[in-house]
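Hi there,

I am passing along the structure I promised you, and my notes follow below it. Have a look at it first, then read on.

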Amino acid sequence: MSLRTGVSAAKNEVEQSPQDLTAQEGEFITINCSYSIGINSLHWLQQHPGGGIVSLFMLSSEKKKNGRLIATINIQERHSSLHIAASQPRDSAIYICAVRHSALQVPGART
């Protein structure tokens, strides 16, 4: 099974690791996301080959779980992790860490 990661933010503001990962069925997988900017929320997204993007989690200050998936965030350390327990072939996808920054918006500015 193959997993790829991606990042949605300006260059050097968000780093995700590992970039590529090959796992055996049943393994415990961790994908890390570090960011250097203040954020309002962090999103973990998933995209299967040829499919649309699906939101897995939106985090602002807590840990969330959905079946075999667990997402954690540490605001002080500016870090989040996505954990996949007992990986399965259907977990093969691109995983994206996206952040919404907390900078004040100027009228007409885009996020």
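Two strands count as paired if DSSP finds at least two bridges between them. Within this pair, Gln46 sits opposite Val54 of strand 6. The two strands make a hairpin with 5 residues between them, and Gly50 in the turn has a positive phi of about 75°.

Before going further, please note that this is a predicted model: local features need pLDDT of at least 70, side-chain atom pairs count only at pLDDT 80 or more, and totals for chains, interfaces and linings use all residues. Residues are numbered from 1 along each chain as its sequence is written, and side-chain values use heavy atoms, with hydrogens and water left out.

Strand 5 (residues 39-47) has another partner, strand 10 (residues 93-101), and these two pair in the antiparallel sense over 8 bridges. Here Ile39 stands across from His101 in strand 10.

What does the secondary structure of the chain come to? There are 0 helices and 10 strands (DSSP runs numbered from the N terminus: helices are H or I with at least four residues, strands E with at least two).

Of the 111 residues in the chain, 32% are buried, meaning under 20% relative accessible area with a 1.4 Å probe, protein chains only. Among contacts (heavy atoms within 4.5 Å) between residues at least 6 apart in sequence, 53% join residues at least 24 apart.

Enjoy exploring!

Definitions and conventions
Buried < 20%, exposed > 50% of the residue type's maximum accessible area, 1.4 Å probe, protein only.
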